[in-house]
Amino acid sequence: MERRRRIAIRGATVVTMNAAREVLEQGDVLVADGRIQRVAAPAAAPEELAGYEVVGAQGLVLIPGLVQTHVHLCQTLFRGLADDLELLDWLRLRIWPLEGAHDAASLRCSALAGISELLRGGTTTILDMESVHHTEAALEAILESGIRAIAGKCLMDHGEGVPPSLLEGIDEGIRESVELLEAWDMRDDGRVRYALCPRFVVSCTDALLGEVRRVSEHYGVPVHTHAAENQDEVALVKAERGRLNVEHLAELGLLGHRLVMAHGIWVEPGELDLIAQGDAALAHCPGSNLKLGSGIASTPRWLERGIRFGIGADGAPCNNHLDMWSEMRLSAILQKPFYGARAMPASQVFALATIDGARALGLEDEVGSVEAGKRADLVLVDWSGSHHVPLGYTDVYSHLVYESKSSDVVLTMVDGRVLFAQGEVRTIDEAAVRRSCEAALTRLVERSGIPIAPSGALAALARRRDGR
Ligand SMILES: [Zn+2]
């Protein structure tokens, strides 16, 4: 109901990210029925604003909502529980047993905690891979919270070290995916969409991947997976299937415009050519790639080939936050020792975080820029902090990518609904979520059987913080 309201955001400096990359000195953005109705610069006439709720934004910067092309809401509850491990150990020793121990209640609070953090930091759209079971709980959290998401249940039917709690027969996994897809795809006027999520080649048989291709083609939904994240993973795929990751996905007919592959660090030049020819997309996750010691993706090579890609934080236990601002900064500065200081300029990176990220998800006609007709996914940032002095001779993209922090975000709107403002996420009871996360994690760790004990000092701090 709330989205039917008319809102006028008045007087902000508007970073449009339209084709001409216009930055408006002072603009009024008029929102109606969840969409941007008009971007007015100079200001709209007073009579034009009758019936609008006015949000004064003088002195603030209005940007398109940020798009994260790879996250796992189901892992937010595991933040700090799998530090300093390489990918395959990270999965086998910690993340898989923990994911396998989720129940619907723990998944729900994990998802809500992740969404709170994302909305507070100005992320309005995510491509999200859930776990094998209880995906409905995450989809419900997405629906209630108001964030825009393409999400789906993880598929795993194979692989060393996968706990029985996550292994699932092909028929069962595909049947549940189709049920979820039919129930959830295009919910709330297309804000919630479904993606098929085979975890990665290592944990999926060719028969399962073949079924994923068939269902994706039949329903026209995206496929979200991981590929070429780690050298051991690449060696495992090569030994088992006789090909490199991307070659294998191409051989199975999956390498098309609906495919989004996270990471792509250890791809050969020939694989990049295949990705470009197939018009598949990649997701760059620099924070996760560094923390797991996986490597550094050569994103300037992706740009040279015109490959569609965006940026994502990945999961909380491999980052350890879901902060797009730090991912933007890393996306820019990581490349400079290899390709020179002029590589990956801030303007390029901000496009990846907005309109190009939307393009990687096939949503570029709906989101990613501040333009009439698009969904009203908008964010206001406040540059009055000391880390934004001086402003007068500088560049907006420099402030967005190199200087800004998630704490600069003062308002986040999706589909014309204000989800975060005045320091509060309006659709989530954050205090209740904090309390349920602590309680749910205690039970989940017990169920998982992994040998970790609570920290006395931090368990006490959590009780004091949450008033328990
Ligand atoms: Zn991931």
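Helix α2 (residues 104-120) and helix α3 (residues 135-145) have axes that come within 8 Å of each other and cross at roughly 35 degrees. The crossing of α2 past α3 is right-handed. On the α2 side, the contact is formed by A104, L107, R108, A111, L112 and I115, and on the α3 side by A137, A138, E140, A141, I142 and S145. Sorted by class, the residues of this contact comprise nine nonpolar, one polar and two charged. The model described here is predicted.

**Domain division**

The protein chain is assigned to domain 1 (2-63 + 374-425), domain 2 (66-360) and domain 3 (430-466). Between the C-alpha centres of domain 1 and domain 3 the separation is 37 Å.

**Strands β1, β2 and β3**

Strand β2 (residues 23-32) pairs with strand β1 (residues 7-15) in the antiparallel sense, and β2 also runs antiparallel to strand β3 (residues 35-40). The two pairings are set out below.

| Strand pair | Sense | Bridges |
|---|---|---|
| β1 (residues 7-15) and β2 (residues 23-32) | antiparallel | seven bridges |
| β2 and β3 (residues 35-40) | antiparallel | five bridges |

Individual bridge partners can be named in each pairing. V15 is bridged to V23 of β2, while V31 stands opposite I36 of β3. The strands β2 and β3 form a hairpin with two residues between them, and D33 in that turn has a positive phi of about 50 degrees.

**Helix α6 and residue E217**

E217 is located in helix α6, which spans residues 206-219. Inside 10 Å of E217 there are 14 C-beta neighbours, so this residue counts as partly exposed. The class follows because a buried residue requires 20 or more such neighbours and an exposed one has 12 or fewer. E217 and R258 are 41 residues apart in sequence, and their C-alpha atoms are 8.9 Å apart in space.

**Helix α18 and the residue after it**

Helix α18 covers residues 456-466, and because zero of its 11 residues are buried, the helix lies largely in the open. Just after α18 comes G467, which adopts a positive phi of about 65 degrees.

Key. Residues numbered from 1 in each chain as written. Predicted model: local features only at pLDDT ≥ 70, side-chain atom pairs only at ≥ 80, totals over all residues. Helix = DSSP H or I, 4+ residues; strand = E, 2+ residues; numbered from the N terminus. Domains from an automatic or database assignment. Axes fitted to C-alpha atoms, helices over the stretch in contact; angles between N-to-C directions. Left-handed = near helix turned anticlockwise from the far one by under 90°. Contact = placed C-beta atoms within 7 Å. Nonpolar A, V, L, I, M, F, W, Y, C, P; charged D, E, K, R; others polar. Pairing = 2+ DSSP bridges.
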